[in-house]
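Let me put it up on the screen.

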Amino acid sequence: MDQVGTEPTTEPTSASATEPELSRAEGLRRFLTKDPLESDLGRRRFRLRGGAARTVFTNAERSYVFGYNAVMSREVEKVEEIREEQRPFGYEGAAAACTVLDLLTLTRGRRLHELLAGPAQHHRHAAYLGAGRGYALLRLRPVWGARRAHPLLRWLAVDGFGFQWSLTRADRMVGQRTMPDLFTRAHCAVFDQGLGRLLWYHDGAAPDDVAARIGGYPAVRRADLWSGVGFAATYTGGAEPEELWWLTEHAAADGFRAYLAQGCAFAAAARLRSGALPDHGTRAVAILAGTEPDEAASWTDQALIALGHEAHTHDDFQTWQSHIRRSWTRRHRY
């Protein structure tokens with residue numbers, strides 16, 4: 001895992017956002033605040049290219065740390081100062097911080113629920129991903145302590161756990177391709193989606209490198225890794241259009257083209273619910289899903305409706321995803 005390039009040069013999280021006043025964090029909160037330098041993925045020896053990809057990933061993690069520290073300093077309202085495109089990452093960090101505090105103070109998800117019901121109500125996908133990152137920070141398997149958690153989106157906490165667990169243990173999770181023993185077999189697929197998102201970061205959004213990395217994993221894990229890559233390439237960005245075309249070629253050659261499209265569609269739906277889809281997301285949907293963002297997002301809604309109101313299990317979550325893939329397949333059947 002080589003480190004490439006020099007220290008990243010990134011634009012501010014927002015032209016108007018001011019850093020949380022960490023001096024306001026007291027007691028446990030002060031102890032739990034994060035060093036903003038954690039957003040520099042080069043310090044983790046990732047294979048980061050210079051240019052746009054490195055800036056994109058560093059800004060995403062910078063916004064995550066910003067949101068995390070905003071909760072610790074009791075200034076969660078500052079997340080709204082972040083540029084709209086970066087705001088979901090800010091709420092991801094806020095949810096991670098709420099989850100950490102809830103777990104350490106045994107409040108049964110009260111803070112996370114208040115965040116979901118209030119400031120993050122339009123960023124639920126990001127918040128559940130962040131909740132999973134909070135569990136990983138404390139080395140705990142995600143459970144459903146948050147009251148009135150969304151019956152299916154809550155599974156994104158396992159995805160978030162996979163991302164954070166792999167982020168801090170890249171030598172083992174990426175280099176040695178291990179799987180933590182915290183999970184049952186049923187959880188491993190969702191974990192691997194988070195790991196797939198992390199691989200997109202780890203290999204600097206370079207299609208050849210990402211595909212080669214995925215190819216080193218057992219075949220039974222690669223479908224979910226491609227799903228995570230499709231999500232990250234759309235949700236976070238980092239690749240040029242021609243690189244996205246190459247990504248589709250690699251996924252198709254590996255036999256998992258539909259999984260790449262499914263992750264892309266899910267990311268489009270998440271982004272549209274948070275606000276406007278960024279330009280990089282619109283370009284990614286056109287290439288990875290082969291359609292307009294609204295149609296790709298509608299696949300997730302139609303699949304959810306088809307499952308009915310009682311859907312809540314891991315099997316239901318996987319069925320939701322399979323219906324999305326089926327919609328993509330029908331759309332591109334010749």
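Let's start with helix H3, residues 87–105: it has 19 residues and spans 27 Å from first C-alpha to last, close to the 27 Å expected at 1.5 Å a residue. That expected span is 1.5 Å times one less than the number of residues, and helices here are DSSP runs of H or I, at least four residues, numbered from the N terminus, while strands are E runs of at least two.

Before I go on, this is a predicted model, so local features need pLDDT of at least 70 and side-chain atom pairs count only at pLDDT 80 or more, though totals for chains, interfaces and linings use all residues. Residues are numbered from 1 along each chain as its sequence is written, and side-chain values use heavy atoms, with hydrogens and water left out.

Back to H3: 16 of its 19 residues are buried, so to speak mostly covered. Buried means under 20% relative accessible area, exposed is over 50%, and partly exposed is in between, with a 1.4 Å probe and protein chains only.

Zooming out for a second, the protein chain has 15 helices and zero strands. Of its 334 residues, 57% are buried.

Now the rings. Phe, Tyr and Trp rings (the six-membered one for Trp) pair if their centres lie within 6.5 Å; planes under 30 degrees apart are stacked, over 60 edge-to-face, and the rest tilted. How many aromatic pairs does that rule give? Ten. Take Phe 89 and Tyr 235: the ring centres are 5.5 Å apart and the planes sit at 85°, so we call that one edge-to-face. Phe 89 is in H3 and Tyr 235 is in helix H10, residues 219–235, so this pair ties together parts 146 residues apart in sequence. Both Phe 89 and Tyr 235 are buried.

Tyr 235 has another partner, Phe 231: there the centres are 4.9 Å apart and the planes are at 25°, so that pair is stacked. Phe 231 and Tyr 235 are four residues apart in H10, which means about one helical turn separates them. Ring pairs join Phe 89, Phe 231, Tyr 235, Phe 266, Phe 317 and Trp 320 into a cluster. And Arg 271 lies over the face of Tyr 235, 4.9 Å from the ring centre; the rule is NZ of Lys or CZ of Arg within 6 Å of the centre and within 35 degrees of the ring normal.

Last topic, salt bridges: a side-chain nitrogen of Lys or Arg within 4 Å of a carboxyl oxygen of Asp or Glu. The structure holds twelve. In one of them, Glu 92 meets Arg 133 at 3.0 Å, N to O. Glu 92 is in H3 and Arg 133 is in helix H5, residues 124–137, so the pair ties together parts 41 residues apart. Both Glu 92 and Arg 133 are buried.

Then there's Arg 221 with Asp 192, closest N and O atoms 2.7 Å apart. That pair links H10 to helix H8, residues 185–202, across 29 residues, and both Arg 221 and Asp 192 are buried. Arg 213 and Asp 203 also meet in a salt bridge, 3.1 Å from N to O. Finally, salt bridges with shared partners join Glu 61, Glu 92 and Arg 133 into one network.
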